[in-house]
Structures are given as structure tokens and as C-alpha cells.
Amino acid sequence: MKKLKYVISLFGVFLSLIASAETHYKPHISIGGKAGITMAEISFSPSVKESWQMGSTGAVTFRYTEEKLFGLIAELGWVQRGWKENFEEYPFEYSRSITYINLPLLTHIYFGWPRTKFFVNLGPQVGLLIGSKINSNFDYKTPQTVEGFPQRRQTEQLWADISNKFDYGICAGLGFEFYLTPRNSVCAEARFYYGLGNIFPSSKADTFGASRNMSLEFTLGYNFRLK
């Protein structure tokens, strides 16, 4: 609950910044879109042997910028997260892709030259689960019956249902933007996301004390300035 209050307070800061900006500077408003790839893991406690799970992401974007190096961004799209089990020398494969509808609200700080700018994005993000897909080359629901399956390996995450459909966390990104014309630009960004909520139950009686989404996102985008 404390983490949720923290995210809500960040939303409040976001809105207050918009109100303050409107009274001091002439705004520029842009709309656009972006798409790219994700590399995701789950931060498990106790830990699970895993590696990066590849996925996709995309969004429509709305950006409010000022003349003094500062702006605000809202995005609405999808993102694929999840994880891939690392069985090392064993011939087993397992991955779970988790898809969310995604809404980041970000502070946008930019600097550079008239046609080329670098930027930093930082802020809260919320997501709603819309799908989960498992790929495996063994019976992951009863792994103890699979011949040669490694002993003393945590397996509950293989078959457990995702109990928390709502995800929230913090993201930070670095990127650059190139202006083709004064109103048209393309951009590239690398962004890191760390979830503050757990996908599995996390009470003292449950297996995992933490199961948080974590991902790297690499995107290309296009923006059109309306005013």
C-alpha cells in the first residue's frame, strides 16, 4: 500500500508540473508513435535461475514541451515482459511472456541543438495484464515427473497463475531526437523499468516474497508537432 501511495503522489507531482508550466511558458504539443523490443526478467525472491526474455512494445505518445528544456510525456500502448528460465547444461526450455496495456507519465528533460536533441525521461508507470503465454519443451505443470529434470530447483513459478493483474513501477530512459523539419522528428530511446508490485502472492505463507517485473526497452519513434 505504501508503494501504491508513492506512485499516486508522483502522479500528483506530474499534474502540478503541468499546471505550473502552463502559466510560465508557451507550450509545444506533439503527438506520435513508437515501437521496439523489450528484454525482460522477473526479480524473484528467493532467486530463480533465469535469462532475458525477448518481447515487443509500442505506444501512441503525447508530449507537452516548453521553451526551457523541460516537458511532460504521456504514452498509451502495450509492452511484453516476463522471463526465461536458465537450465544451464540441461536440455529444457521454458519462457513466459506477459503482456500489459501500459501507461507511463514522464518528466521529459531535453538539451542540445535546434535539429538534434538529447533527452532524459523519468517517472511512474502503470500497466494492466491482458495476456500471458508459456512456451516449454516439457510438462511444466508436473516437472517432478520429467526424466532428468534438475533436483532441488524452484518450480512453482512455472505453473502458478499470475494473481496480480495490475502492475506499477518506475522507469527511466535516455535517448536522442532528430528534427527532419521544424514539426517532424524521429527519436530513439533506451528505457529501464522496475516494477514495485508483485505478479505472484507475496505473504509470509507464500513461496515468493518478491516477483517484480524488470525490463529494458529499446524503441524508435516519430513525433509531429501540432503547435
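## Pocket and volume

A pocket is an open set of points, on a 1 Å grid over the protein atoms alone, where a 1.4 Å probe fits and protein lies on both sides within 12 Å along at least five of seven lines. In this predicted model, the largest pocket holds about 280 Å³ of space, a volume being the space filled by probe spheres set on the grid points. Its lining comprises 18 residues, among which H28, Y110, P114, K117 and Y179 are the closest to the centre; a lining residue has an atom within 4 Å of a point.

## Lining of the pocket

At least two lining residues come from each of β1 (28-45), β3 (53-65), β5 (94-112), β6 (116-136) and β7 (166-179), and β6 gives the largest share, with three residues. By type, the lining divides into six nonpolar, five polar and seven charged residues, where Ala, Val, Leu, Ile, Met, Phe, Trp, Tyr, Cys and Pro count as nonpolar, Asp, Glu, Lys and Arg as charged, and the others as polar.

## The chain as a whole

The chain has two helices and nine strands, which follow one another from the N terminus as α-β-β-β-β-β-β-α-β-β-β (DSSP runs, H or I of at least four residues for helices and E of at least two for strands). Of its 227 residues, 45% are buried, that is, under 20% relative accessible area with a 1.4 Å probe.

## Basis of the values

Residues are numbered from 1 along each chain as its sequence is written, and side-chain values use heavy atoms, without hydrogens and water. Local features need pLDDT of at least 70 and side-chain atom pairs count only at pLDDT 80 or more, whereas totals for chains, interfaces and linings use all residues.

Technical notes: Buried < 20%, exposed > 50% of the residue type's maximum accessible area, 1.4 Å probe, protein only.
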